[in-house]
Amino acid sequence: MKDINRITLIVLDSVGAGELPDAADFDDVGSNTLGNMAKAAGGMSLPNMGKLGLGNITKIEGTPAVKEAEGAYGKAVEVSIGKDSTTGHWEIAGVPLERPFPNYSNGFSDEVIKEFEEKTGRKVLWNRPASGTVIIDKFGEEQIKTGDWIVYGSADPVFQIAANEDVIPLEELYKGCEIALEICNRISPVARVIARPYVGKKVGEFKRTANRHDFSIDPPKESMLERLEKAGLDVVGIGKTSDLFNGKGITDNRKANQDNLDGIKKTVAALKENTKGLIFTNLVDFDAVYGHRRNVQGYVNALIEFDNWLPEIEKNLRDDEILIITADHGNDPTYKGTDHTREYIPILVTGKKVKKNVNIGVRKTFADIAATIEEILLGTEKEGSFAKEIL
């Protein structure tokens, strides 16, 4: 379609655009990651995303709506019952969840923990939902003394294992995660088991490292990524993208080993290469470093950093390429608790062949993004595609 041979899809992890109609079912009424954060910060100026129509999607103090957007813009509803990264990314890739993952708000069962302890040879501390940084401070010194695992969860269907790298080697932590995933697959289904390594010798010094690794299950059905791969196209995964799909459909996995900026720079580098297909980037710091920690100013600064880099990203778009910027769920840093929030995701589209000032409206599902990408790259017309609206 219009000779588009590559699409770059960037997920700003947790950058939601206002509560969904069913937010009450998730106890998230009033959440709006972009809007509430900007208000709390006294304004948030994102001029480059603003030009594409970001302020037209939801009210953002400091980033007003524009009369003539330089790109296409809209937002999408999540049809899957969930508000986590795995569920969001799978739906973006055309695989909405038909059944929600279980919730482990009271921790994992004694059966799960007992088998995990027996198979790893280490005891478990905590086993309840918690903030990762808080739980490390709470049990870090005890872990140094005992060598026990720190196991915790969240509102998401995840089994998280924190381990001090000087106490439990990374190789052993990763093996422990594989064991936990195998157990959970049989007894207590989860989307991911997450290795959360950290360093430090006492409270106040503990700091998580870049050696995080997500051990995921396969999507329940073939995703857009696998169909692109089967068609002989490149699917470059940047950041934690590959982890979320357990590598399915990813032809080239490039982890962001440091922070959002590392992911942005790896995206720019990929744009300069002669590939055809999809570059699929996840920028996780918005969620992991700022959203969950309810750090409004840090979140604002991170968004400003991305916005400042957007012209460089756009400069490297080829004539036969488009850029889609979106999110996977919300994580309103002004909201109660430390969990994700059930929100619309923004959609911004730009490129030399993209029509200007096109409002694609409210999409019925995140999967409209996959439908659009497949129609453009594979010529497959699918329900929900907005390809013809933007090109």
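I searched the whole structure and found two cavities of 30 Å³ or more. On a 1 Å grid over the protein atoms alone, I took a cavity to be a set of points where a 1.4 Å probe fits but cannot get out, with lining residues having an atom within 4 Å of a point. A volume is the space filled by probe spheres set on the points, which are joined across faces, edges and corners.

The model is predicted: local features need pLDDT of at least 70 and side-chain atom pairs count only at pLDDT 80 or more, while totals for chains, interfaces and linings use all residues. Residues are numbered from 1 along each chain as its sequence is written, and side-chain values use heavy atoms, without hydrogens and water.

I noted about 250 Å³ of space in the largest cavity. Its lining has 23 residues, and G132, S154, Q160, R196 and H292 are the closest to its centre. Domain 1 (6–97 + 220–389) and domain 2 (110–216) each supply at least three lining residues, the bounds coming from an automatic or database domain assignment.

I recorded about 50 Å³ for the second largest cavity. Among the residues that line it are L12, M49, I325 and T326. Two or more lining residues come from β12 (321–326) and from β13 (345–350).

Definitions and conventions: 1 Å grid on protein atoms, 1.4 Å probe; cavity = no way out; pocket = protein on both sides within 12 Å on 5 of 7 lines; lining within 4 Å. Helix = DSSP H or I, 4+ residues; strand = E, 2+ residues; numbered from the N terminus.
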